[in-house]
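Subject: Structure handover

Hello,

Here is the structure for your files. Please open it alongside this note.

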Amino acid sequence: MNPPNPSILQRQSLATLLPAVLLSLLPAMALADPLPSWNAGHSKSTIVDFVESTSDPDNDDFVPQERRIAVFDNDGTLWSEQPAYTQLLYALDRASEADPEALDTPLKKAAAEGDIDTLLEAGEEGIQALLSLSHQDLSLSDFQQDVSDWLANATHPATGRFYTDMVYQPMLELLGYLRDHGFSTYIVSGGGLEFMRVFASDVYGVPPQNIIGSTGEMELVDLEDDPQLYKRGGDIWLDDGPGKVISINRHLGQRPILAVGNSDGDVPMLIWTTEGEGPRLGVLVHHTDGEREVAYDSDSHIGRLADGLEQAEARDWQLIDMARDWQRLYPEKP
């Protein structure tokens, strides 16, 4: 009788041991922290309980996957917005290079000189003047390539980081955690649609079709020979405040069950989300961390949060205290 083949014995041993090893790992896997950059506390437990209950078929709060939709603001919610919105800084940079002959109004001159305060005080008219120097009469492909080149080289004036490195690590974890539990994640922002589509897929894992943002007029040219979309002047659809609710309805046709924002411009989106039927959660990020970032709320021209603070308490939204709830802000540098 031939002795057993050692390789067969090894395979039999592995076959015997493998189930036991896997079973021993299950408790650790089950206890793995889905949000490691969040400190333990009410905010974290509220979010985890909501995600787990709405994605568990055996839970009374279960929500079918096709209705498991989460919407996120971008500026100040997913990445830093101080001292100014990143897209605004891009536009100012490009406006500074404008042909002097194009500076035919005081607001255009202010844009070319980087006078943010004057532009913000002028409201939509000021933004329109800035966009006319930086975002218009370009093909869409040229514009997006220019944005990509700028993001690859421009750095934040205070941190020296690239802007795409100033995304919030706790939010990256939350986006991934939601998708792992069958949620579809969308960005609904006052930022430009075409601007965000340049980086959102790589940075947030949110594909272009899941980006909802402000848009200007577009023109299709050279349809027969070399079709190109061009960014033009004219009216702008501002995806902010009530506009966010209208945009969500146009794109999704249903209410999300989770909405995350950080400013008064996000309040209508959170009300629209949380006033629907069934389990729902509204989350507001409160910038309380003056040491690691900038502490601001009701007195800020950028990301003002005043009405939202009152609404959060009245409507039982989860208010994230950045200084208390987040262990760290940004991803580790490579």
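Contact here means heavy atoms within 4.5 Å. Helices (H or I, at least four residues) and strands (E, at least two) are DSSP runs, numbered from the N terminus.

This is a predicted model: local features need pLDDT of at least 70, side-chain atom pairs count only at pLDDT 80 or more, and totals for chains, interfaces and linings use all residues. Residues are numbered from 1 along each chain as its sequence is written, and side-chain values use heavy atoms, without hydrogens and water.

Helix pairs

Take H2 (residues 42-54) and H8 (residues 169-180) to begin with. Their axes lie 10 Å apart, at an angle of about 20 degrees. Axes are lines fitted to C-alpha atoms, for helices over the stretch in contact; angles run from 0 to 180 degrees between N-to-C directions. H2 and H8 are therefore roughly parallel (under 35 degrees; over 145 is roughly antiparallel, 65 to 115 roughly perpendicular, the rest oblique). On the H2 side, Ile47, Val48, Val51 and Glu52 make the contact; on the H8 side, Leu174, Tyr177 and Leu178 do. That contact has six nonpolar residues, no polar and one charged. Ala, Val, Leu, Ile, Met, Phe, Trp, Tyr, Cys and Pro count as nonpolar, Asp, Glu, Lys and Arg as charged, and the others, Gly among them, as polar.

Now H3 (residues 86-95) and H6 (residues 124-134). Their axes come within 8 Å and cross at roughly 60 degrees. The pair is therefore oblique. H3 contributes Leu88, Tyr90, Ala91, Leu92, Arg94 and Ala95; H6 contributes Leu130, Leu133 and Ser134. Seven of these residues are nonpolar, one is polar and one is charged.

Pocket and cavity

Both were found on a 1 Å grid over the protein atoms alone. A cavity is a set of points where a 1.4 Å probe fits but cannot get out; a pocket is an open set with protein on both sides within 12 Å along at least five of seven lines; lining residues have an atom within 4 Å of a point. Points join across faces, edges and corners, and volume is the space filled by probe spheres set on them.

The largest pocket holds about 1,200 Å³. It has 45 lining residues; closest to its centre are Tyr85, Ile127, Gly190, Ser214 and Leu238. H6 gives the largest share of this lining, five residues. The lining has ten nonpolar, 19 polar and 16 charged residues.

The largest cavity holds about 30 Å³. Its lining includes Trp79, Phe195 and Phe199.

Best wishes
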